[in-house]
Every structure is written in structure tokens, then in C-alpha cells.
Amino acid sequence: MADAAPHPRQVFDLKGHEAAETAFEEARGRGRLHHAWLLTGTEGVGKATFAFRAARRLLGAPPNPAYGVLGASPDHPVSRQIIARSHPDLMVLERVGEDGKPRKLIPVDEARKLSDFFAKSPASAPHRVAIIDAADDLNVNAANAVLKTLEEPPARGVILLVSHAPGGLLPTIKSRCRRLGFQPLPETEVTAFVEARTTANPEEAIRLARMSKGAPGKALALALAGAVAVDDAAKEILQSLPEVDEALALSLADRFRGAEGAAQFNLLLERLAERVHGHAVRLAAEGYGGLDRWARAWETLQRLPREVEAVNLDRADAFFTALTELRAAARA
């Protein structure tokens, strides 16, 4: 439905987060810039885009109001260097490795490079900047390596830590950062965002906006993954319970193979879990009891993607395990 989603380093506009940008710019303008900023909010809401916008300004790109509070021109040399990943004063830690393949976690060896990076003076900019996207992806040793850098604030250094689930971070990391929260955007804004960047029709754009819960980046990722069709399949499965069309189940399981298999598996179970939750809420509101089996099915749908990744379970087998739980819930 859309071209490949651009990396945040390639994005130059950001809507709906003017308060966060103003707070950062005012601190920078007063010369009271904290050395570490924890950017929190739903995944896909715009935190990483903000981090790269802030980095451009810290690295010397002049303001361009046409692109918002922290806007900078895409044609400025700083912007072009960042896009090319060649700016000497910017370091980015992320799960995607140099080979372009995603890893399970950010390894400690990369986190340890922060100390050497900040030990040097800026080569060509007012600051040295590190972006960690996301801090949730640091393994235990990597998190401790980052903490060591935070405990010894670098001169003219700024660290921007993206976090989708800050509750899981080390308290000592959180205590050394200034926190900026990013709230979900209104459904109308996310819908307009999807319509402008994909071939989704108005009804599909609204559905994607609702699935994303106010996170435009996630809505775009869902569009790219064919989430509307997957959600339709999840709806069909639940409506047919306690029986499930065997041909449909087998065709869905067949999608779990290959390079995109993990993403399709996770997406289908996410949509099933969301619909099971909504179904259980409606049953409770109507006074139905015996929701324990639906709760168990929901927990299974939530748990299986983590277990499959952790111990390399067969995705098709895991999917049929989930269907067994759903059938049992429908018969209860």
C-alpha cells in the first residue's frame, strides 16, 4: 500500500509535538541543555523523528521554520551528512546492524563505544550527539555501559534515549535523564497522515489510525504490512468460533514462513489479541460471566510472540496452539 517507510533520519516534518520541541529549544536557547533526554511514548508516535530533528540543530543546522520548531532544511550539509550516516559528531545505537538486519538487542560492545565517542571534542559541530533507539533494546550489560556514560556527563555532549516502555529501564538511567513525553495524536491527524502517505482508502485509513492508537509511524508500518487484510482474517476467525475454517487457518500459517514470517505472525496475533480484548469487554458489559477462558486466550496471544522469538518455536505450531485456546474460550 505504500513505499518503504523512511528512516527517522530522513524525515523532516513532525506534527503534534510542538510542546516537546519548544521545551527542548528553550532549554537549548537558555544554555541550560541537559546532557541526557529520555523520550517516552507509544512506539511510532514520533520520538525517533524528534531525536534526529534535535540532533540536526545541536550539530549546527540553522532553524528552518517551514519545518516546525526544530525544523532544519533537508539540503543543509548537516542534514545531508546525517542522512548519509557520515556526520563525525553523531553516533546512533539501534537494533539494526551494519548489515541492515535487525538484531534481538543492542549489544554491549556498541554501547561501550559511547565512552570513546564522548571522550573526544566535537570535530565540526557545537556538540557531540548520541541517539539510542531504543533504550528498551539494550541488554543488561549494554544498559550498564550507557549508565556509566550518563554518570560522567560529557562536555558538550547530549544523549537522546528513545523509550517505548520506560518502566523497564534501570531506575538509575531514568534518574539521570530529563524526561520528555510524547502523547498519541488525534485519530483525525493520524488518518490524514496515512491517507497522505499510502494508497489506503478513507475507511482503511481510519482503521489503521485506530489500530495504531494515535501513533502515525505505527499506522504507516501497519499499512506496509497489510494490516487491514490481517485484521479482516482475525475478525473472520473470531466470528467463526468455536469452529475455524481449516483452509483459512492453513493459508494464514503458510504466511509465517520466509523473511516476513515473523512480522506476519506477530501482526496476526496482535490483531487477534486486540479483538479478543474488545470481545471480552463487551461480554463483561453485558453481564456475562465465565470470562476466565477468554482471559487465558488473550494471555496466550500476548505471550506466544515472545516465546517463539526466545526459543525459536515453530510459528505455525504456535498459531494452532492459539487457535486451540480460542476454541476452548468460545465453548466455555
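The model is predicted.

**Helix α15**

- Helix α15 comprises 17 residues, 315-331, and spans 25 Å from its first C-alpha to its last, close to the 24 Å expected at 1.5 Å a residue.
- Its buried residues are A318, F319, A322, L323, E325, L326, A328 and A329.
- The cover over these buried residues includes α11 (227-240), α12 (246-254), α13 (261-285) and α14 (292-311).
- At the start of α15, a side-chain oxygen of D314 comes to within 3.1 Å of the backbone nitrogen of A316.

**Residue E21**

- E21 belongs to helix α1, residues 18-29.
- With a relative accessibility of 2%, E21 counts as buried, the cut-off being under 20%.
- Leaving aside residues up to four places away in sequence, E21 touches L14, F50, R53, G68, V69 and L70.

**Aromatic side chains**

- The count of aromatic pairs comes to eight.
- The ring centres of F256 and F265 lie 5.3 Å apart with the planes at 90°, so this pair is edge-to-face.
- Both partners are buried: F256 has a relative accessible area of 4%, and F265 has one of 1%.
- One aromatic cluster is formed by F24, W37, F50 and F182; F50 is also among the residues that E21 touches.

**Arginines over rings**

- R56 is positioned over the face of F12, 3.9 Å from the ring centre.
- R128 is positioned over the face of F117, 4.1 Å from the ring centre.

Conventions: Residues are numbered from 1 along each chain as its sequence is written. This is a predicted model: local features need pLDDT of at least 70, side-chain atom pairs count only at pLDDT 80 or more; totals for chains, interfaces and linings use all residues. Side-chain values use heavy atoms; hydrogens and water are left out. Helices (H or I, at least four residues) and strands (E, at least two) are DSSP runs, numbered from the N terminus. The expected span of a helix is 1.5 Å times one less than its number of residues. Buried means under 20% relative accessible area, exposed over 50%, partly exposed in between (1.4 Å probe, protein chains only). Contact means heavy atoms within 4.5 Å. A polar contact is a pair of N or O atoms within 3.5 Å; within protein, one must be able to donate a hydrogen and the other to accept it, and residues adjacent in sequence count only if both atoms are side-chain atoms. Rings of Phe, Tyr and Trp (its six-membered ring) pair if their centres lie within 6.5 Å; planes under 30 degrees apart count as stacked, over 60 as edge-to-face and the rest as tilted. A charge sits over a ring if NZ of Lys or CZ of Arg is within 6 Å of the ring centre and within 35 degrees of the ring normal.
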